[in-house]
Structures are given as structure tokens and as C-alpha cells.
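Subject: Structure for your review

Dear colleague,

Here is the structure I promised to hand over. My notes on what was found in it follow below.

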Amino acid sequence: MIRDITLGQYYQTDSVIHRLDPRVKLAGTVLFLIDLFLIQNVWGYLIATAALATVIHLSRVPFGYIIRGLKSIMILLMITVVFNLFLTEGTVIFKVWIIQVTWEGLRTAVFMAWRLIMLIIGTSLMTFTTTPNQLTDGMEKGLRPLKYLKVPVHEVAMMMSIALRFIPILLEETDKIMKAQQARGADFESGNLFDKAKALVPLLVPLFISAFRRANDLALAMEARCYRGGEGRTKMNPLIYNRRDKAAYLLIFAFMAVDIFVGRFF
């Protein structure tokens with residue numbers, strides 16, 4: 001299960017999506033998530049799925065690698081489907097004792113599951129195709145207007161980038177601790193759900209100690225390099241829009257307009 005979590009990991013390859021400006025990918029991801037919550041019919045979801053499949057193909061990230069990240073949310077996905085399927089009022093399809101399934105519940109469950117899957121794939125695809133340094137630069141540039149409100153934009157972008165970078169590191173550390181404890185006789189597989197959750201408690205102490213140690217090492221390394229925040233700092237590779245990025249913006253806005261129109265009014 002730990003190895004199936006792919007959020008925050010970068011997949012290195014050469015593709016048109018990897019070469020896009022990180023601001024384009026950040027804006028496209030946010031607009032895609034907004035679009036998923038605005039569309040209301042199957043045609044809108046089909047268009048969104050086709051657009052996401054096209055981006056996956058252009059990114060050259062293996063589809064199996066992307067799907068692997070969905071295994072970690074299967075429990076959440078099942079809970080969402082069950083609650084919407086059995087607790088939504090409407091036209092009854094069939095009823096057994098107090099359990100009933102309605103057409104409205106079936107429709108809501110399918111759309112919620114569909115939306116959640118595309119949401120996870122869409123956000124994961126951004127981290128697969130963007131390095132942490134690019135994400136930091138993109139977020140800092142995108143949030144620049146907030147500087148006029150005295151918001152420490154550089155520090156916020158740095159913290160978000162470090163948090164994303166720490167996700168695969170902590171997952172790898174958790175996997176190592178689990179294997180070490182299994183070699184000493186610990187059992188994380190047998191028993192019901194509560195027994196498995198209880199067996200994970202001994203992982204927390206060494207995991208927190210490792211996380212704090214890594215955070216301290218990172219702070220010392222930043223101090224040794226005289227890091228003092230974003231004021232006066234320059235970039236070795238400043239972000240500059242080119243034709244490819246402008247064309248991507250046009251395609252994103254065209255997709256949003258078509259999908260929202262079809263998904264709400266068609």
C-alpha cells in the first residue's frame with residue numbers, strides 16, 4: 001500500500017507536457033478541478049475524460065504508473081460510492097428491508113466516483129511532469145500579486161514545495177521501518193481493519209523522529225547556505241512564456257468553455 005502512493009513523485013522523461021511552463025500546469029490543474037465541480041451530466045464528464053486521456057498520452061507517463069496511485073484511495077472511493085448509493089432519496093430501483101437503491105443515488109455515486117478518480121489523476125499528473133524546483137518557481141510567480149497584501153509568497157511556495165518533496169521521502173522511510181519491524185516479528189497484515197490500524201501505531205514514533213531529524217538537517221543546510229528568504233534573490237533560469245505556453249493557455253480556456261457549456265446546458 002505504501003508503494004502505491006505516487007503523489008508528489010516526479011517521473012523523468014521528455015514530453016511536451018514536461019516542457020511546459022510550470023505556471024501553465026498549475027493553472028491548468030486548478031481550472032480542471034474547478035471544471036469537474038461545475039459539470040453536471042455525462043457528456044461533460046466524457047469530454048473531461050477525453051481531455052485528461054490526451055494529456056496523459058502527451059505526457060508519456062505510463063498509464064499503469066498513474067493508475068497505481070488510485071489504490072491508496074480505494075477505501076475512500078468505496079465509502080463515497082456506498083453512502084451516495086444507499087442514502088440518496090429518489091425513485092427506487094429496488095429495496096431490501098431498509099436498504100434501497102435509487103436512480104438518483106446511482107447517478108450521484110457514479111459521478112462522484114468518476115470525479116474523484118479524475119481529480120486524483122489530474123493532480124498527480126502535475127507532480128509527475130513538474131520538478132519540485134519548477135513547482136516552487138511557478139507558485140511564487142503565480143502568487144506574486146499577493147505580495148501587495150504583505151503575504152510572504154516566496155516562503156509559502158517554498159513550504160509547499162518542501163511538503164510535496166517530503167511525501168515520497170516519508171513513504172520510503174515508512175516502508176523501511178515496516179520491513180525492519182516485520183523482520184522482528186511484527187504483523188501488519190492479519191486481523192480486521194481495527195487490528196491493522198492498531199498495528200501501525202508503533203510506526204509513528206520512529207517515523208516522527210526521522211521526519212524531525214530530516215527537517216532539522218534541511219534547516220541547517222539552508223542556514224549554511226545563508227538562506228534569508230526571497231527578498232533580493234535572483235533565478236538562474238527565470239520563467240519566460242513562449243508560444244507553446246500561450247497555445248496551451250488557449251487550449252485550456254477553450255476546453256473549459258466547451259466543457260462547462262456542454263456539462264451544464266446541453
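Phe261 and Phe265 both sit in helix H10, 4 residues apart, which is about one turn of the helix; helices here are DSSP runs (H or I, at least four residues), strands are likewise DSSP runs (E, at least two), and both are numbered from the N terminus. Phe261 is exposed, with a relative accessible area of 51%, and Phe265 counts as exposed at 61% relative accessibility, where exposed means over 50% relative accessible area, buried under 20% and partly exposed in between (1.4 Å probe, protein chains only).

Please keep in mind that this is a predicted model, in which local features need pLDDT of at least 70 and side-chain atom pairs count only at pLDDT 80 or more, while totals for chains, interfaces and linings use all residues. Residues are numbered from 1 along each chain as its sequence is written, and side-chain values use heavy atoms, with hydrogens and water left out.

As to the overall picture, the secondary structure of the protein comes to 10 helices and 2 strands, running from the N terminus as α-α-α-α-β-β-α-α-α-α-α-α. The C-alpha atoms fill a box of roughly 70 × 55 × 40 Å, taken along the principal axes, and 36% of the 266 residues count as buried. Among contacts (heavy atoms within 4.5 Å) between residues at least 6 apart in sequence, 75% join residues at least 24 apart.

Turning to the aromatic residues, the structure holds 9 aromatic pairs; rings of Phe, Tyr and Trp (its six-membered ring) pair if their centres lie within 6.5 Å, and planes under 30 degrees apart count as stacked, over 60 as edge-to-face and the rest as tilted. The rings of Phe32 and Phe255 have their centres 6.3 Å apart and their planes at 25 degrees, so this pair is stacked. Because Phe32 lies in helix H1 (residues 22–38) and Phe255 in helix H10 (residues 243–265), the pair ties together parts that are 223 residues apart in sequence. Both Phe32 and Phe255 are buried. For Phe261 and Phe265, the ring centres are 6.1 Å apart and the planes stand at 45 degrees, so that pair is tilted. Ring pairs also link Tyr11, Tyr65 and Phe128 into a cluster.

Two helix pairs may also interest you. The axes of H2 (residues 42–59) and H5 (residues 103–128) come within 11 Å and cross at roughly 25 degrees, the axes being lines fitted to C-alpha atoms, for helices over the stretch in contact, with angles running from 0 to 180 degrees between N-to-C directions. That makes H2 roughly parallel to H5 (angles under 35 degrees count as roughly parallel, over 145 as roughly antiparallel, 65 to 115 as roughly perpendicular and the rest as oblique). The contact involves residues including Tyr45 and Leu52 of H2 and Trp114 and Met118 of H5.

The axes of H7 (residues 153–183) and H9 (residues 201–224) come within 10 Å and cross at roughly 140 degrees, and H7 and H9 are therefore oblique to each other. Among the residues that meet there are Phe166 and Glu173 in H7 and Pro206 and Arg214 in H9.

Finally, Trp103, found in helix H5, counts as exposed at 52% relative accessibility. Leaving aside its neighbours within four places in sequence, Trp103 is in contact with Thr91 and Ile93.

Best regards
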